[in-house]
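Biologist: Before we look at individual contacts, could you take me through how burial, salt bridges and helix packing are to be read in a model of this kind?

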Amino acid sequence: SIPLRERAIVTIGVVWFYAALANLEPSVVRATVMATVVLLGTALRRRSLIYNSLALAAFILLLANSLDLFDVGFALSFAATLALVYLHPLWRELFAIDRLPRWMRLAADSFILSLAASVATLPLLAAVFNQVAPIALAANLLAVPISFALLALGLLLLGFSWFPWLASAYGASADFLTEILNGLVARFAKAPAFKVTDVWFE
């Protein structure tokens, strides 16, 4: 098997390669820096708290651009990540997720991850945009697995691009899933009954 240090280093390279493919969009760079800091700790065989790693990632990003401190995307990224790190394990233990059958455990994990991110970001969304969309929790349960599948298909498409028949199959599958994802997003976006507007904080 590949040693943990080498796996971490390879993963860092893959993550930055993906970030480059995504045109180094700000949200992608934030996620990539966070992942890199955590993986570097693993590569250097340093025991570190995830909270320290996230703080270091925030520090690096703010050094690069201090105005990110006032960017709502920056706040949402770190709020959601902290919620996943802190709330997810707590809720897994609280609801005894490990005692569930495997297929139920995967579904419950997806629900808890989506719920944790939603709980953490809801106050920010309400404060900045004066509206919240509870339907986002259900939307994430459908969108996240499809997004992971699209990422996997994209990497397979890239890796097997020199085999036309395989690339064509992966490309057609990715196109099909993209159409499904876009349709779901459009449908949820047009559901005013599931959106609470005029939310104000005094």
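This is a predicted model: local features need pLDDT of at least 70, side-chain atom pairs count only at pLDDT 80 or more; totals for chains, interfaces and linings use all residues.

Biologist: Which side chain does arginine 30 meet in a salt bridge?

Modeller: A salt bridge is read from a side-chain nitrogen of Lys or Arg within 4 Å of a carboxyl oxygen of Asp or Glu. Here the side chain of arginine 30 meets that of aspartate 71 at 3.7 Å, N to O. Because arginine 30 belongs to helix 2 and aspartate 71 to the loop between helix 3 and helix 4, the pair ties together parts that are 41 residues apart in sequence. Aspartate 71 is partly exposed, with a relative accessible area of 31%.

Biologist: Which residues are linked in a network of salt bridges?

Modeller: The network links Arg92, Asp98 and Asp109. Arginine 92 meets aspartate 98 at 3.0 Å, N to O, and also forms a salt bridge with aspartate 109, where the closest N and O atoms are 2.8 Å apart. This second pair links helix 4, which holds arginine 92, to helix 5, which holds aspartate 109, across 17 residues. Both arginine 92 and aspartate 109 are buried, whereas aspartate 98, at 53% relative accessibility, counts as exposed.

Biologist: At what angle do helix 5 and helix 6 pack?

Modeller: Their angle is about 135 degrees, with the axes 9 Å apart, and the two helices are therefore oblique to each other. Their crossing is right-handed.

Notes:
Residues are numbered from 1 along each chain as its sequence is written. Side-chain values use heavy atoms; hydrogens and water are left out. Axes are lines fitted to C-alpha atoms, for helices over the stretch in contact, and angles run from 0 to 180 degrees between N-to-C directions. Helices (H or I, at least four residues) and strands (E, at least two) are DSSP runs, numbered from the N terminus. Angles under 35 degrees count as roughly parallel, over 145 as roughly antiparallel, 65 to 115 as roughly perpendicular and the rest as oblique. A crossing is left-handed if the near helix is turned anticlockwise from the far one by less than a right angle, and right-handed if clockwise. Buried means under 20% relative accessible area, exposed over 50%, partly exposed in between (1.4 Å probe, protein chains only).
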